[in-house]
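Here is a friendly walk through this structure for someone meeting it for the first time. Please keep the 3D view open while you read.

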Amino acid sequence: MDDWKLDLLIHSGEVVTPDGVRRADVGVRNGRIAAVTDGPSRRAAREVIDAGGKLVLPGGIDPHTHMGIPIKDTHSADDFESGSIAAACGGTTTILDFTVQAPGQTLEESLEDRLEAARGKSHVDFGIHVNVTDQPDRRLREIPGLVARGFNSFKAFTTYKEQGMMIGGEQFRRLLGTVDAEGGLLMLHAEDDETVSRLTRRHVERGEQAPIFHARSRPPEAESLAVENATRIAGELEARLYVVHVSSRAGLEATLRARERGVRVYLETCPQYLVLDEEKYHGANGHRWITTPPLRRAEDAAALWEAVRDGSVDAVGTDHCPFTSAQKDRHRHSFCSVPNGLPGVENRLAMLYTYGVERGRISLEEMVRLLTGDVARIFGIDDRKGSIEVGKDADLLIWDPRPAGLVSADHMHGNADFTPYEGLEQKGRLCHTVLRGRVLVRDGEFVPGQPHGDLLTS
Ligand code: URP
Ligand code: ZN
Ligand code: ZN
């Protein structure tokens, strides 16, 4: 390689590439990967980082975050600035967030609001999925223009009717048909609203307001029923569908059954459904773990791990939607009022590495596929992102696999003052995060500076 022209050289790490793991040097020039070489290099670059004994991974792409969104009577605690610092410190160099469509707003208006919130604030690159929650039929005509601008992922909810966000049967069919016909991808939050509303009412009427009744009000059957309904329509339309945050064995099996019928359905799950379970709702401050869908039983997590292991899962996103303990505690008396969502953007790689790779469930390459490669392909950003290959953006991580410790909120960088993973074992530690050749995290510390996150379109 023309070493003298390099801006950065990551020397002698175990580099995880699409062709496998091998000791190599990764050279960076003008924000792109300029070379991946096995042999000794002259190491004449403006900066050399020694990665001896460490792993070099492609920067993570988190397909599912919610920075600063309104939920119940408050807003999620991270904005794009704090949330993107947390992302970088957890090994994520691209976040894909969602618009918030206020009642009466067009999709274009909601997108402009979201772009305004992110531009100049995000330290990592970002893309935006377009939520469709209000008057979907009136908004269909906007979809071709949005896809043409490179915003080709949309999202619908089968629940949150009370909040005015649910898209019902025939509206859902028209939305899915339009998005797919334009070459876009519809993402789906799948919980059957009728089931959830009925059970929530029942528990509240009985005075059952403890955190565990959040889980009882939103059972696995609510997820599987919504998946069944949506995938039936997707099958009839021959449309692609992406089911977000699959949390339960029932939801997983409904998704896999649809695949067996030939429906092209992508499956996302999240670390919280893999490494936590509903016992958290019985513990001290159980209300802080309230998220939607809820944490499930240990058997559900085992089924999801099996699906991760056998390659059925396409992506692991975090659904990062943090609240502080004060925001959560204010409503501790009733599961219905607690703002739903968990911080997690900083824990995704550590949890997948510790409980996936270290526990022998998945290989390093599999982990990278779930955190990066497949996500880039599904959302059409794989020309720039998703793997360590010459010509791609130099989004790189250096991960030391040796340290062993415990997860602690004291080490987190977002605005939430607690982590749902507190006290869990963590194997390995992030040393460096590089975004397009720029070092965002050095020796585990965020490097303060101007945010340089770029908007990604497909
Ligand atoms: O409870 C959660 N996960 N809040 C964020 C919004 C959603 O449904 O993904
Ligand atoms: Zn959701
Ligand atoms: Zn979400």
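1. Some ground rules come before the tour. This is a predicted model, in which local features need pLDDT of at least 70 and side-chain atom pairs count only at pLDDT 80 or more, while totals for chains, interfaces and linings use all residues. Residues are numbered from 1 along each chain as its sequence is written, chains are lettered from A and ligands numbered from 1 in the order in which they are written, and side-chain values use heavy atoms, with hydrogens and water left out. Helices (H or I, at least four residues) and strands (E, at least two) are DSSP runs, numbered from the N terminus.

2. Let us begin with helix 1, residues 80-89. Nine of its 10 residues are buried, so helix 1 is largely enclosed by the rest of the structure; buried means under 20% relative accessible area, exposed over 50%, and partly exposed in between (1.4 Å probe, protein chains only). The buried residues include Phe-80, Ile-85 and Cys-89. Their packing partners are strand 9 (92-98), helix 2 (107-118), strand 10 (125-131), strand 17 (425-435), strand 18 (438-442) and strand 19 (445-446), where contact means heavy atoms within 4.5 Å.

3. Both ends of helix 1 deserve a look. At its start, a side-chain oxygen of Asp-79 comes within 3.0 Å of the backbone nitrogen of Glu-81. After helix 1 comes Gly-91, which has a positive phi, near 90°.

4. Helix 13 (residues 348-357) is another enclosed element: 10 of its 10 residues are buried, so the rest of the structure largely encloses it. Among these buried residues are Arg-348, Met-351, Tyr-353 and Tyr-355.

5. Next, how do helix 5 and helix 8 meet? The axes of helix 5 (residues 169-181) and helix 8 (residues 220-237) come within 10 Å and cross at roughly 45°. That makes helix 5 oblique to helix 8. Axes are lines fitted to C-alpha atoms, for helices over the stretch in contact, and angles run from 0 to 180 degrees between N-to-C directions; under 35 degrees counts as roughly parallel, over 145 as roughly antiparallel, 65 to 115 as roughly perpendicular and the rest as oblique.

6. On the helix 5 side of this contact are Gly-169, Phe-172, Arg-173, Leu-176 and Gly-177, and they meet Ala-230, Ile-233, Ala-234, Glu-236 and Leu-237 of helix 8. By class, the contact of helix 5 with helix 8 has six nonpolar, two polar and two charged residues. Ala, Val, Leu, Ile, Met, Phe, Trp, Tyr, Cys and Pro count as nonpolar, Asp, Glu, Lys and Arg as charged, and the others, Gly among them, as polar.

7. Helix 8 also packs with helix 9 (residues 249-260), at an angle of about 15° and with the axes 7 Å apart. The two helices are therefore roughly parallel to each other. Residues of helix 8 in this contact include Pro-220, Val-227 and Thr-231, and those of helix 9 include Ala-250, Ala-254 and Ala-258. The contact of helix 8 with helix 9 divides into five nonpolar, four polar and three charged residues.

8. Is Lys-385 buried or exposed? Lys-385 is buried, with a relative accessible area of 2%. Its place is in the loop between helix 14 (364-378) and strand 16 (396-406). The Lys-385 side chain makes a polar contact with the side chain of Asp-393 (2.8 Å). A polar contact is a pair of N or O atoms within 3.5 Å; within protein, one must be able to donate a hydrogen and the other to accept it, and residues adjacent in sequence count only if both atoms are side-chain atoms.

9. Leu-188, in strand 12 (residues 185-189), counts as buried at 0% relative accessibility. Its C-alpha atom is separated by 6.1 Å from that of Tyr-242, 54 residues apart along the chain.

10. A cis peptide bond joins Thr-292 and Pro-293, with omega about -5°. Tyr-160 has a positive phi, near 60°, and lies in the loop between strand 11 (153-157) and helix 5. Arg-436 also has a positive phi, near 45°, in the loop between strand 17 and strand 18.
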